[in-house]
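Keep the 3D view open as you read.

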Amino acid sequence: MKFTLSWLKTHLDTTATVDEITYALTDLGLEVEGVSNPAERLAEFTIGKVISAEKHPDADKLKVCQVQTADGPTQIICGAPNAREGITVVIASPGVYVPGIDTTIGVGKIRGIESHGMMCSEREMELSDEHDGIIELPSGEVGARFTDWLAANDPAKVDPVIEIAITPNRPDALGVRGIARDLAARGLGTLKPRDTVPVAGEFACPVTVSIDDDTRDGCPVFMGRLIRGVRNGPSPQWLQDLLRAIGLRPISFLVDVTNFYTYDSNRPLHVFDADKMAGGLRVHRAKGGETLLALDDKEYRLQPGQMVISDDNGPESIAGIMGGAQTGVTGETVNVFVESAYWDPVQIAYTGRALKINSDARYRFERGVDPAFTPEGLELATQMILEHAGGQASQVVVAGAVPVTDRCYRLDTARVQSLVGMDIPANTQRQTLTNLGFRLEGDMAHVPSWRPDVQGEADLVEEVARIASLTKLVGRPLPRTDPGVTRPILTPMQRREKTARRQIAALGYDECVTYSFIDQASAEIFGGGDDATMLENPISSEMSHMRPSLLPGLMQAAARNQARGFMDLALFEVGAAFSGGEPGEQCLLASGILVGHTGPKDVHAERRPVDLYDAKADAEAVLAAVGAPAKMQILRGTSGWWHPGRSGKLCLGPKKIMGVFGELHPKVIAAMDVKGPVVAFSLFLEDIPFPKVKSATRGRLELRDLQAVERDFAFVVDAGVEALTLVNAAAGADKGLISGVRVFDEFIGGSLGEGKKSLAVTVRMQPVEKTLTDEEIEVVGQKIIDKVIKATGGVLRG
């Protein structure tokens, strides 16, 4: 939204400077995006008078001029054809920057004669494109600033232009009057009254208007009047200057009037050449397929349901967006129909997007104009046309009625303190709302029709605080509810999540934050993708389902990195996975993947592909960091996306699973387009029991002063028996005494026979109360043998 300072002052009686105005606008929520002040770049130019002008001895087109300046008589070489004795000119002295030629003037010699400055043309000063000669001023004191002369004689050329950003909730600020109202409420001046005197119609309007019943929800009111006998020539210079200053091209007076009120009062209007119309105007919905050549010289095909204004010949205007070229006004127009209507913002937005039309009218109507200003805008435009273009105005014809937007809310002056934290006197609050156009009856504030954004009591408080300035807020610490050391804010689970994240990062993993939504194909690979986790309105087809695991997001991140040349990766994420869309159908996971190799190539040949033991070690380190029990079982039976023979579950029992680790299935790796071995782990943070002893310090170190005993056992079992089954059986023989079991040998073939193998384990027994006797060791050894034989069906190897 652009406007000039002089335009603002037609609505605001103020002596505030541009800097004061721009600061206040930003503070009021109307952020200033830029200020173009011509006076600043022309500040150093002064006025001079040519005393004499003689032909240059060595150049036919140059003249040696003696010019009276602020520094006295000065010699300037000039090539302008109108340089002559007695004219008043604009001087750029040495050291002055001339914007039109992007040059700083200095003292120089031209054909052997010194020149101490420059006499300027309008193009050289970026005042216009005129460059046939230097500027000749009709008046002016020698040495005076040229900007002062412009301010007094041609103010449009030094009128500052301010551009502000408008948020969608402030359509009233899309008019200069709305901006002036805010500034007046802030105290930067007084809002000038605008009394609109209705223009009496001299004859009945021959143009009828109507709105179809199925269109009244999109166009509650449509009105207009015929003005006959107008002279549609160029606009007055002041109007042309205003429009050019904000970047609009003056077209003709009738068109410029509609553009003026669009920016002046946020009231888009439209003018039809009445002599090109056939019959009356009808507002209706398009059937679909109708075409219209619009004012931008583009043909648009209307879609069913879009609002259109038609006469007997067919569509003549896309309602609230753009008029048609067929009935557009020209220099020959003498009879004009001026239209003012209110259009539904949502329907205008749909039509504008569908037809891909961006216009000032659409921009304003889809944000919301003041419906109550519809007839007043028509009267103001009529007055301007009659005043400058002459003619006779008909009576106003109206279809529909202005929609009623009356609403009021209670003003609770105490809520400013509770909601905003500012102490503003009650009478100041009431005066602020009055200055903004609210009507107060007791404690009830009636909202003006131009403020569709005010929808409750809290909005009243916001308006009061906005005008008072939120920069006056004073920071105050919240009162402490409990004396002494504050209680912990994080829950135990939140602290566990934080600990897991820090531990995994310390192991060398890079953290990822992926979307909770994934595509159905990836979700199905990891056990999801059903209707229970499907989104009703997904962002895209690649985000159609809630993720059943963190692994698909990590695999997709790995694939993207590998596509860019990063082959060896360690990635992790801590977040929620979902089994359904209802509360409770989610779990908190900490997952990590290792891809490729353990490190770069080196001379020590330490580089190797990652394996499941890397994932197992990292999973156990994280479990230890979050306080999981030290003793746990590793069981088979992982899900289908894990490698069936190279994965395991970290459990406290068959039903108490704390995590899963291992290689991912080769088919999953191929489906996710990842290259190289991939090992991973997923820990169920909510299923890990919390330590029974809760302390901020590390637990005591327990050292045994009794000798530990190790015994080796070898068992012959079937080749299909897993070593893990044997280890778990041996460890369960005496959980209080056996501290560890590990496999140290596997033998296949030889005298064992077909389908048999030998597994040798070392069992470590740690006594607690007394040293073990040989008899006690034998008893424990026999328990181990019995347990293993029962679990595996094997025999003790002789």
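A crossing of two helices is right-handed if the near helix is turned clockwise from the far one by less than a right angle, and left-handed if it is turned anticlockwise. By that rule, helix 19 and helix 20 cross in a right-handed way. Keep in mind that this is a predicted model.

- Helix 19 spans residues 723-731, and its buried residues are Leu-726, Val-727, Ala-729 and Ala-730.
- Looking down the axis of helix 19, these buried residues fall within an arc of 165°, so they line one face of the helix.
- The cover over them includes strand 39 (709-718), strand 40 (738-748), strand 41 (756-765) and helix 20 (774-792).
- Helix 19 packs with helix 20 at an angle of about 145°, and their axes are 8 Å apart.
- On the helix 19 side, the contact uses Thr-725, Leu-726, Ala-729 and Ala-730. On the helix 20 side, it uses Ile-784, Lys-787, Val-788, Ala-791 and Thr-792.
- The residues of this contact divide into six nonpolar, two polar and one charged.

**Helix 7 and its two partners**

- Which helices does helix 7 pack with here? Helix 6 is one partner, and helix 10 is another.
- Helix 6 (residues 237-245) and helix 7 (residues 253-265) pack at an angle of about 55°, with axes 11 Å apart.
- The crossing of helix 6 and helix 7 is left-handed.
- Trp-238, Leu-239, Leu-242 and Leu-243 of helix 6 meet Phe-253, Asp-256, Asn-259 and Phe-260 of helix 7.
- This contact holds six nonpolar residues, one polar and one charged.
- Helix 7 and helix 10 (residues 374-389) cross at roughly 145°, and their axes come within 10 Å.
- The crossing of helix 7 and helix 10 is right-handed.
- From helix 7, Phe-253, Leu-254, Val-257, Phe-260 and Tyr-261 take part in the contact. They meet Leu-380, Ala-381, Met-384, Ile-385, His-388 and Ala-389 of helix 10.
- The residues of the contact of helix 7 with helix 10 count as 10 nonpolar, one polar and no charged.

**Helix 2**

- In helix 2 (residues 18-27), the buried residues are Val-18, Ile-21, Thr-22, Ala-24, Leu-25 and Asp-27.
- Among the elements that cover them are strand 1 (2-4), helix 1 (5-9), strand 3 (32-36), helix 5 (176-186) and helix 13 (457-468).
- Gly-29 follows helix 2, and its phi is positive, near 100°.

**Two single residues**

- Is Ile-467 buried or exposed? Ile-467 has 4% relative accessibility, so it counts as buried.
- Ile-467 lies in helix 13. Its contacts include Leu-28, Asp-182, Ala-185, Arg-186, Thr-432 and Leu-436.
- Ile-467 and Leu-772 are 305 residues apart in sequence, and their C-alpha atoms are 86 Å apart in space.
- Glu-663 sits in strand 37 (residues 656-664). Glu-663 is buried too, because its relative accessible area is 14% and buried means under 20%.
- Glu-663 touches residues including Leu-612, Trp-642, His-643, Arg-646, Val-678 and Val-679.
- Glu-663 and Leu-594 are 69 residues apart in sequence, yet 9.4 Å apart in space, C-alpha to C-alpha.

Definitions and conventions. Residues numbered from 1 in each chain as written. Predicted model: local features only at pLDDT ≥ 70, side-chain atom pairs only at ≥ 80, totals over all residues. Heavy atoms only, no water. Axes fitted to C-alpha atoms, helices over the stretch in contact; angles between N-to-C directions. Helix = DSSP H or I, 4+ residues; strand = E, 2+ residues; numbered from the N terminus. Contact = heavy atoms within 4.5 Å. Nonpolar A, V, L, I, M, F, W, Y, C, P; charged D, E, K, R; others polar. Buried < 20%, exposed > 50% of the residue type's maximum accessible area, 1.4 Å probe, protein only. Arc of directions from axis to C-beta. Lists of a residue's contacts leave out its neighbours within four places in sequence.
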